[in-house]
Amino acid sequence: MYLADEAWPDLETYFDEESLALVPLGSTEQHGPHLPEGTDHLIAEAFAREAAERTGYLCTPTITVGVSPHHRQFDGTMWADAPVFRDYVESISRNLTYHGIDRIVYVNAHGGNIEHLREVGRRLRDSRTAYAIEWMWNDSIPDLVEEVFAQPGPHGGPKETSLIQHLHPHLVHDDRLEAARDGGLVDWENHPGAVQNGARTFYDAIDNTDNGVLGDQTDASAEKGERLFEAATDQLVQLCEWLATREFAALMPKDHV
């Protein structure tokens with residue numbers, strides 16, 4: 001069920017019977033010369049809507065701009081300041097609790113959002129308002145990602161490229177994949193400039209990669225994207241089913257010892 005498509009009496013029925021909602025979040029930021037700036041929020045929305053279709057749970061409209069100041073040097077990148085983003089997501093979440101939702105899955109596809117979504121989840125839980133957790137698609141299938149790609153890249157790499165080739169092939173510049181690889185940073189894990197004496201020394205993507213992307217984009221394919229999508233969607237469905245069966249009291253903070 002997609003909230004924005006429904007009339008309110010039909011949503012009233014849902015809120016009377018269910019207490020879980022999926023909230024997709026991503027970003028609008030550079031993803032190299034070959035992918036659209038909406039890559040992250042397109043991926044998040046696809047996962048959330050597919051999981052909602054398979055389970056019957058509610059999916060809200062997508063939050064399309066996230067915490068992305070580290071990509072600001074590249075044209076078109078949009079971002080929300082972290083405190084504003086946290087407050088906005090918390091406000092949207094409290095909207096849902098007003099209607100009876102008490103457990104939320106943040107279906108996230110942007111690494112820059114993770115710590116802030118965890119903080120919002122903590123706020124909601126500490127106030128005993130709702131239990132909200134962050135879900136990141138690639139974190140749900142790490143073994144498969146490692147199996148499929150030699151250099152998956154944490155940003156704009158073949159894993160994200162494959163998903164967009166599967167979900168929105170018309171938005172991928174396939175003729176630029178080699179240029180993306182050659183103008184970016186392929187081996188992120190062994191990049192010598194990223195850490196100095198145990199300290200992470202960079203703040204912006206451009207500090208490490210001239211064109212904004214990491215990994216080997218030529219290793220991407222729509223077939224791989226479909227495989228990733230099906231596996232991660234299955235994980236998200238299982239998470240929703242698990243969360244829906246928990247007693248709300250058991251999800252709340254324990255009493256002081």
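Student: What should I know about the model before reading values from it?

Tutor: The model is predicted, so local features need pLDDT of at least 70 and side-chain atom pairs count only at pLDDT 80 or more, while totals for chains, interfaces and linings use all residues. Residues are numbered from 1 along each chain as its sequence is written, and side-chain values use heavy atoms, with hydrogens and water left out.

Student: How many helices and strands are there in the protein chain?

Tutor: Helices (H or I, at least four residues) and strands (E, at least two) are DSSP runs, numbered from the N terminus. The protein chain has nine helices and six strands.

Student: What is the volume of the largest pocket?

Tutor: On a 1 Å grid over the protein atoms alone, a pocket is an open set of points where a 1.4 Å probe fits, with protein on both sides within 12 Å along at least five of seven lines; lining residues have an atom within 4 Å of a point. Grid points are joined across faces, edges and corners, and the volume is the space filled by probe spheres set on them. The largest pocket holds about 1100 Å³. Its lining has 41 residues, and G111, P154, H155, W188 and L214 are the closest to its centre. Helices α4 (114-126), α5 (142-148) and α6 (158-167) each supply at least two lining residues.

Student: What is the volume of the second largest pocket?

Tutor: That pocket has about 210 Å³. It is lined by 13 residues, with P61, T62, I63, Y88 and I92 the closest to its centre.

Student: How many disulfides are there?

Tutor: A disulfide is a pair of cysteine sulfur atoms within 2.5 Å, and the count is zero. For C59, the nearest cysteine sulfur is that of C240, 9.9 Å away.

Student: Are C59 and C240 buried or exposed?

Tutor: Buried means under 20% relative accessible area, exposed over 50%, partly exposed in between (1.4 Å probe, protein chains only). C59 is buried at 1%, and C240 is buried at 0%.
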